[in-house]
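I opened this notebook to keep track of what I looked up, entry by entry. The sequence and the structure come first, and my notes follow.

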Amino acid sequence: MQISEAMHPGVRWISPDTDLRTVAHIMKDEDIGALPVGENDRLIGMVTDRDIALRAFANGHDVASLTVRDVMTKEIVFCRTSESLEDAIRLMEEKKIRRLPVINEDKRMVGMLSLGDISHSSSRELTGELLKAVSSHHA
């Protein structure tokens, strides 16, 4: 199965200058835990609910003054629509991540692939292996 068959098509981008309160409201309203961050028509990072909790609140920062740029993950790991679902699973296991932006052949982000998407599109064995890998403690 190709990634394009399993992913959630279409994704909302946010600016790196977006305040964290706005991000939290978007995540709550859309029941999502991660948002891609774009600037000048390029994917420059991801911000997750965990990023906000650990990089803003847990570090004692004045949350009202922070933007997405202050807490986002800058190392972007992504997959391509043309790759197989098994390729994405291996990447997610290796990087211990639960969500991947999906890029098409024109280098445009066209969707997101999540652990939930994989659970609906893959075997129990592959899904179980992935869940175990991404849930293990980071070294």
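**Salt bridges**

I began with the charged side chains and found that the structure holds seven salt bridges. I keep in mind throughout that this is a predicted model.

I then looked up Arg69, which forms a salt bridge with Glu39, the closest N and O atoms being 2.8 Å apart. Arg69 belongs to helix 4 (residues 68–71) and Glu39 to strand 2 (residues 34–39), so this pair ties together parts that are 30 residues apart in sequence. Arg69 counts as partly exposed at 32% relative accessibility, and Glu39 is also partly exposed, with a relative accessible area of 27%. I noted besides that a network of salt bridges links Asp17, Glu39 and Arg69.

Next I turned to helix 5 (residues 85–95), where Arg90 and Asp87 both lie, three residues apart, about one turn of the helix. Their side chains meet in a salt bridge, 2.5 Å from N to O. I recorded Arg90 as partly exposed at 48% relative accessibility and Asp87 as partly exposed at 31%.

I also checked Lys95 and Glu94, whose side chains meet in a salt bridge at 4.0 Å, N to O. Here Lys95 is partly exposed, with 42% relative accessibility, whereas Glu94 is exposed, with a relative accessible area of 58%.

**Nonpolar cores**

Which residues have the most contacts inside the largest nonpolar core? I found that they are Ile14, Leu20, Val23, Val47 and Val68, in a core of 15 residues. The elements that give two or more residues to this core are helix 2 (20–30), strand 2, helix 3 (49–57) and helix 4, and the largest share, four residues, comes from helix 2. Apart from this core lies another, of 13 residues, which includes Ile3, Ile89, Met92 and Leu113.

I looked up Thr48 and placed it in strand 3 (residues 42–48). Is Thr48 buried or exposed? Thr48 has a relative accessible area of 16%, and is therefore buried, the cut-off for that term being under 20%. Not counting residues up to four places away in sequence, Thr48 touches Met27, Gly33, Ala34 and Arg99.

In helix 3, I found Asp51, Ile52 and Ala56 to be buried. These three cover an arc of only 95° around the axis, so they are on the same side of helix 3. Arg50 and Phe57, on the other side of helix 3, are exposed. I noted that helix 2, strand 3 and helix 4 are among what covers the buried residues of helix 3.

**From the record**

Last, I consulted the UniProt record, an unreviewed entry, in which the annotation "domain: CBS" covers residues 7–63 and 72–130. For residues 7–63 I wrote down that the chain is 35% helix and 26% strand, with the end C-alpha atoms 32 Å apart.

Methods
Residues are numbered from 1 along each chain as its sequence is written. This is a predicted model: local features need pLDDT of at least 70, side-chain atom pairs count only at pLDDT 80 or more; totals for chains, interfaces and linings use all residues. Side-chain values use heavy atoms; hydrogens and water are left out. Buried means under 20% relative accessible area, exposed over 50%, partly exposed in between (1.4 Å probe, protein chains only). Contact means heavy atoms within 4.5 Å. UniProt positions are given in the numbering used here, feature names are shortened, and annotations may be inferred rather than shown by experiment. A nonpolar core is a set of buried Ala, Val, Leu, Ile, Met, Phe, Trp, Tyr and Cys residues joined through side-chain atoms within 4.5 Å. The arc is that of the directions from the helix axis to the C-beta atoms.
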